[in-house]
Amino acid sequence: FGFLDKNKQKVDFLAYFRTKAREKYEKWDCVYNHFEKFVGGKCTFGDVTVELCEKFRDYLLKCKQINHPNAYISRNSAAGYYSTFRALLKIAYKEKMLRENLNDFLEKIEPEDVAKEYLSVEELYCLAETPCKIPVLKTASLFSCLTSLRLSDILSLCWEEIVDFAAG
């Protein structure tokens, strides 16, 4: 009949979020940390309303980075974080922890177009020919350029994830 179990309203939403973040990847942890800070470390499913989600959206558009408290997060980071948060709401709804899909009432954060800078082929050749006192730095730089992987992606890369397509 559409009645929501009153006990679910009292369930710790932050603990639920933390569990889901551990199943996912690093961005989920970052979003969790921002949400935890936003709600002051306390939030139940009963607290999760459209109004709370809209306030979290506004928070993300104005907040500072967790690891670099002197810098604000970019609009595109805010858009990605809010998208991740909305994915969590969808999961909670599918798992019947929320009575309605709050995403139906939430406005997403539109990302900004960003002009991406990259090296030309000639510049890559020049980089490859340039002497470097730290060979691993040069190799890592070229690897990053040729794969389009960011530093954070490279640092989390494992040998098992590297596939040699030429050997196949």
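**Helix H4 and its cover**

I began with H4, where I find Val50, Leu52, Cys53, Phe56, Arg57, Tyr59 and Leu60 buried (buried means under 20% relative accessible area, exposed over 50% and partly exposed in between, with a 1.4 Å probe and protein chains only). I note that this is a predicted model, in which local features need pLDDT of at least 70 and side-chain atom pairs count only at pLDDT 80 or more, while totals for chains, interfaces and linings use all residues. Residues are numbered from 1 along each chain as its sequence is written, and side-chain values use heavy atoms, with hydrogens and water left out.

The cover over the buried residues of H4 includes helix H3 (26-39) and helix H5 (75-94); contact here means heavy atoms within 4.5 Å, and helices (H or I, at least four residues) are DSSP runs numbered from the N terminus. I also checked the length of H4 (residues 50-62): its 13 residues should span 18 Å at 1.5 Å a residue, and the end C-alpha atoms are 19 Å apart, which agrees (the expected span is 1.5 Å times one less than the number of residues).

**Arg57**

Arg57 lies in helix H4 and counts as buried because its relative accessible area is 14%. A polar atom of the Arg57 side chain lies 2.9 Å from the backbone oxygen of Glu107. Leaving out residues up to four places away in sequence, I list Tyr82, Glu107, Lys108 and Ile109 as what Arg57 touches.

**H3 against H5**

The axes of H3 and H5 come within 9 Å and cross at roughly 90° (axes are lines fitted to C-alpha atoms, for helices over the stretch in contact, and angles run from 0 to 180 degrees between N-to-C directions). This makes H3 roughly perpendicular to H5, since angles of 65 to 115 degrees count as roughly perpendicular, under 35 as roughly parallel, over 145 as roughly antiparallel and the rest as oblique. H3 contributes Lys27, Trp28, Cys30, Val31, His34 and Phe35, and H5 contributes Gly80, Tyr81, Thr84, Phe85, Ala87, Leu88 and Ile91. By class, I read nine nonpolar, three polar and one charged residues in the contact of H3 with H5 (Ala, Val, Leu, Ile, Met, Phe, Trp, Tyr, Cys and Pro count as nonpolar, Asp, Glu, Lys and Arg as charged, and the others, Gly among them, as polar).

**H2 against H5**

For helix H2 (residues 13-23) and H5, the axes come within 11 Å and cross at roughly 105°, so H2 too is roughly perpendicular to H5. Phe13, Tyr16, Phe17 and Lys20 of H2 meet Phe85, Leu88, Leu89, Ile91 and Ala92 of H5, and this contact has eight nonpolar, no polar and one charged residues. I find Phe13, Leu14, Tyr16, Phe17, Arg18, Lys20 and Ala21 buried in H2, with H3 and H5 included in what covers them.

**Asn103**

Last, I looked at Asn103, which is found in the loop between H5 and helix H6 (121-129) and counts as buried at 13% relative accessibility. The Asn103 side chain makes a polar contact with the side chain of Arg86 (2.9 Å); a polar contact is a pair of N or O atoms within 3.5 Å, where within protein one must be able to donate a hydrogen and the other to accept it, and residues adjacent in sequence count only if both atoms are side-chain atoms.

Conventions:
Helix = DSSP H or I, 4+ residues; strand = E, 2+ residues; numbered from the N terminus.
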